[in-house]
Amino acid sequence: MSRAILIIDDEATLARNLALYLERQGWEARVAGSGEDGLAQFNAFRPDVVLLDHNLPGMTGLEALQRLRALDPAVCVVMMTGHGGIDLAVKAMKAGAADYLTKPLGLAELKLLLERLISHGRLETAVHYYSQRQADHSGLDKIIGRSPAIVALRTRIATLLESERQLADTDAPAVLIHGETGTGKELVARALHFDGPRRDAPFVELNCGALPAQLVEAELFGYERGAFTDARQRKAGLVETAEGGTLFLDEIAEADASTQVKLLKLLEDKRFRRLGGLRDQPVNVRIVSASHRPLAQMVQEGRFRADLYYRLRIVELTVPPLRERGDDILELAQHFLRLHGHRYRKGDLRLSDAAAAEMRRHPWPGNVRELRNAMEQAALLAAGQEVGVRDLGFAAAARPGAGTAADQGPPDAGSAPGTEGGEDEDLNLERAERRLIERALQRTRQNVTQAARLLGVSRDTLRYRLDRLGLRPPDA
């Protein structure tokens, strides 16, 4: 938010002095002597704040305020007057004024008020930006693929969203998403929110396995001051934050028994209580949960509440593993290559035929998350516009000699004989490790950071192994 202010006041000396003071504070200020003049200047100047006197010749300040709000509903107007009282202040606030000041104005008070309004405006802009960015990266169209399983999943989600739009009330059903780690369960949850009737409300997420069990409950439901040792002030929980929107609980299987009881109450009564609180609070929130663990089996084993499980699974969605999605692998790979190719300023990258065949053969235990990371690594290390087998870190790690001659290039000079497979293959672990590291360093022109990515280890791990093997490239 910039710092431009329009002062509408018929007291010319006061208005001029205010403008001079605010200009010294870094504002761009203009002055108008009447409501009509102010409205004319407003269209050309488009200020961030309007300082508006009530007692004006011609139209009153309240009338000017209403006209300003009609021109720009988001305009920030501060009403000021030397007369009137609480009634006028109430009318101004009801008409959309951001605040109200009485004359004579205190410059220090005015400065603090304007700084607060600007800070609030910046915060609103930031919130809008991040909310819009979330929405731009979410939705049914972001679930990429043409395999029957993915088409069926998108169809099921679209049907559910259409049914929600016809609901007579706002009590949307809970959804439970199944799927292996990395399949895109969060993407499905975001599609449910940002393509649904709650898109303009918050989307709040919590990974129940990312926090200690005793903290999950506090994060979800908040707490009152003094609820426990470090509770020095009241804190709103994520349930409150998601009011009107969606609360996404990832890895719900990790929730402990106490949290499960409170979640059950939330689902059944649409009410919750902060830790240390004395009363329940109503809330309108839609619960979407996800797990890669078999919840039905956990219920049978007594490790998850059956009543909570049945409340969470009003609607069930299953995200298929990548290995069952056929040519979606190549479509997703090309999507990520294009994304990371532009990110690293390498243009439009493409897979070679040998690399595409290798992609189809790989089992993808890490699913779409593994594929995305593999394509980022390939985009980072690719020497030209074509990504070959040797640019695929998972292929190099699984079979150092994999790929066609064109993809793989000539054998490394340091390779020992008999390392291409067969009965004479050198199986010594330390020598094999040395060969892999040397090959990675050669391909990355001795760059340890990029070699570590190629090998699938951290930079510190690779440096440790370099020290142990007596290999010291220039940037280590």
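## One residue and its surroundings

Beyond its neighbours within four places in sequence, Leu247 is in contact (heavy atoms within 4.5 Å) with Val204, Leu220, Leu238, Val239, Ala242, Val285, Arg286, Ile287 and Val288. This is a predicted model, in which local features need pLDDT of at least 70 and side-chain atom pairs count only at pLDDT 80 or more, while totals for chains, interfaces and linings use all residues. Residues are numbered from 1 along each chain as its sequence is written, and side-chain values use heavy atoms, leaving out hydrogens and water.

## The sheet

Leu247 stands opposite Ile287 in E11. Strands E8 (residues 246–250) and E11 (residues 286–291) run parallel and are joined by four bridges; two strands pair if DSSP finds at least two bridges between them. Strands (E, at least two residues) and helices (H or I, at least four) are DSSP runs, numbered from the N terminus.

The open sheet has five strands in the order E7-E8-E11-E6-E12, with parallel pairing. Strand E7 (203–207) and strand E12 (315–318) each have a single partner strand, so one side of each lacks a neighbour in the sheet.

## The cores

The largest nonpolar core has 31 residues, and Leu247 is among those touching the most other members, as are Leu220, Val239, Leu249, Ile252, Leu266 and Phe304. Such a core is a set of buried Ala, Val, Leu, Ile, Met, Phe, Trp, Tyr and Cys residues joined through side-chain atoms within 4.5 Å; buried means under 20% relative accessible area with a 1.4 Å probe, protein chains only. Helix H10 gives this core its largest share, four residues.

Key: Buried < 20%, exposed > 50% of the residue type's maximum accessible area, 1.4 Å probe, protein only.
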